[in-house]
Amino acid sequence: MPMRILYLTQWFDPEPAFKGAAFARALADAGHEVEVATGFPNYPGGKLYQGYRLRPYRSETINGLKVHRLLLYPSHNASSLKRVFNYLGFFLSSLLFGLLRGSRYDIVYVYHPPLTPALAAALFCAVRRKPFVVDIQDLWPDSVAASGMANPRIVGALMRACNFVYRRAACLIVQSEGMKGELARRGVADDRLSTVFNWATYQPPAEGQRLPETIVAAFAGRLNLVYGGNMGQAQQLTVLIDAAIAAHRREPAIRLHLIGGGIERDPLRQKVRDAGADDIVHFHPPVARDIMDRVFDTADILVMHLKYDPLYLITIPSKTQHYLACGKPIAAGVSGEAADILNGSGAALVVPPSDSAALAGAIEALAAASASDRSAKGAAGRADYDARFSFAHAIHATEAILHRIWEARR
């Protein structure tokens, strides 16, 4: 039977939200009545998007869905105080909205992070006697502590708030088995924990798409390794650069292409210059998401690296599913659940993080393989993605969880 679902999320289209309009629309297409409560769009720049003016409330329709825009303080920068105002503002608006309108829905689905919308849902759902589900993408307070944006006292307060929410949620949906295990260790009952793996945002080729000429020229006649995405401290791309330079000594056709931005981009470029490796490692500016996928399609090997951190053992970087969806062979320096997924996919050679020699060996092995062997590995990865990580698979699993909770409460 159809459910009346409120999707509560601080970020939603036109912001670059992972579970945005397409996710909510898919639940509606399954026969349910879905409405969205979200903030005024300001992420990631912290400024309101064109066409929006801050006000207490605004209603609009996006992709056929009714969207309730709730007041918040627009901000997304390094200021911890402004970030608190941003989160607190949406918490208060969500709480008021839920108290006034929460009785209209059968179930509330909350996207977390941040925690504050889930905290609001825990309060107004208790008053309205409605079940709520929390979709946990980042494990709090662990990820907050790892970011360095909170002192131990704040981390402790966040842990208490998380425990308050988690004890009251009808179900916690997590994006990895490692996160599920960690929450079980924190005392969450197993029957209130479900794993729904994230899908990839890979977009198939469309007519008229063209690669930038600079990329076409840099790829010509080479065996191309591609990394696309953020160049930050967590990626520790110095290891990848060292591995590519070492592999180039064995296979001179190898070239590494780093595409994107981030705080480490300039230091990485300087490292390459100092090594005299400008002809081996090429930096390209960020490109649109659909064009980035065409670059992945053109690559011979996709590469990734993530530094060792206990938090990364139980989280799955989105690049894992995205690379599998691209149908290309993968050389990766990662650990934890991401390593397990890639090793089981048949598409990847995986080595421990921070071991440039081992990563160079993986790159060399894939480079030495025939084009047909590399193609077969890529196809195996795509098949594994379709079987376990597709959008359709995630929607079906999510709908089943919501139905189970709703039926139990009727």
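Predicted model: local features only at pLDDT ≥ 70, side-chain atom pairs only at ≥ 80, totals over all residues.
Close-up 1. Elsewhere, salt bridges that share partners join Arg 58, Glu 60 and Arg 69 into one network.

Close-up 2. Side chains of opposite charge can pair when their charged atoms come close. Asp 29 forms a salt bridge with Arg 25, and the closest N and O atoms of this pair are 2.9 Å apart. Because Asp 29 and Arg 25 are four residues apart in helix α1 (residues 21-29), about one helical turn separates them. Asp 29 is exposed, with a relative accessible area of 57%, whereas Arg 25 is partly exposed at 22%. In helix α6 (residues 177-185), Arg 185 and Glu 182 are three residues apart, again about one turn of the helix, and their side chains meet in a salt bridge at 3.2 Å, N to O. Arg 185 counts as exposed, at 60% relative accessibility. A search of the whole structure finds 14 salt bridges.

**Close-up 3. Helix α8 and the elements that cover it.** Helix α8, residues 237-250, has 14 residues and reaches 20 Å from its first C-alpha to its last, close to the 20 Å expected at 1.5 Å a residue. Its buried residues are Leu 237, Val 239, Leu 240, Ile 241, Ala 243, Ala 244, Ile 245, Ala 247 and His 248. What covers these buried residues includes the strands β9 (223-228), β10 (254-259), β11 (281-284) and β12 (301-305), together with the helices α9 (265-274) and α13 (356-368). Ala 368 has its place in helix α13 and counts as exposed, at 67% relative accessibility. The C-alpha atoms of Ala 368 and Arg 250 are separated by 9.7 Å, although the two residues are 118 residues apart along the chain.

**Close-up 4. A nonpolar surface patch that includes Leu 88.** Tyr 73, Leu 81, Val 84, Phe 85, Leu 88 and Leu 92 make a nonpolar surface patch of about 560 Å². Leu 88 is found in helix α2 (residues 80-101) and counts as partly exposed, at 41% relative accessibility.

Key. Residues numbered from 1 in each chain as written. Heavy atoms only, no water. Helix = DSSP H or I, 4+ residues; strand = E, 2+ residues; numbered from the N terminus. Expected span 1.5 Å × (residues − 1). Buried < 20%, exposed > 50% of the residue type's maximum accessible area, 1.4 Å probe, protein only. Contact = heavy atoms within 4.5 Å. Patch = residues over 30% accessible without salt bridge, like charges linked within 9 Å, V, L, I, M, F, W, Y side chains within 5 Å. Areas by Shrake-Rupley, 256 points an atom, 1.4 Å probe, with all protein chains shown as cover. Salt bridge = Lys/Arg side-chain N within 4 Å of Asp/Glu carboxyl O.
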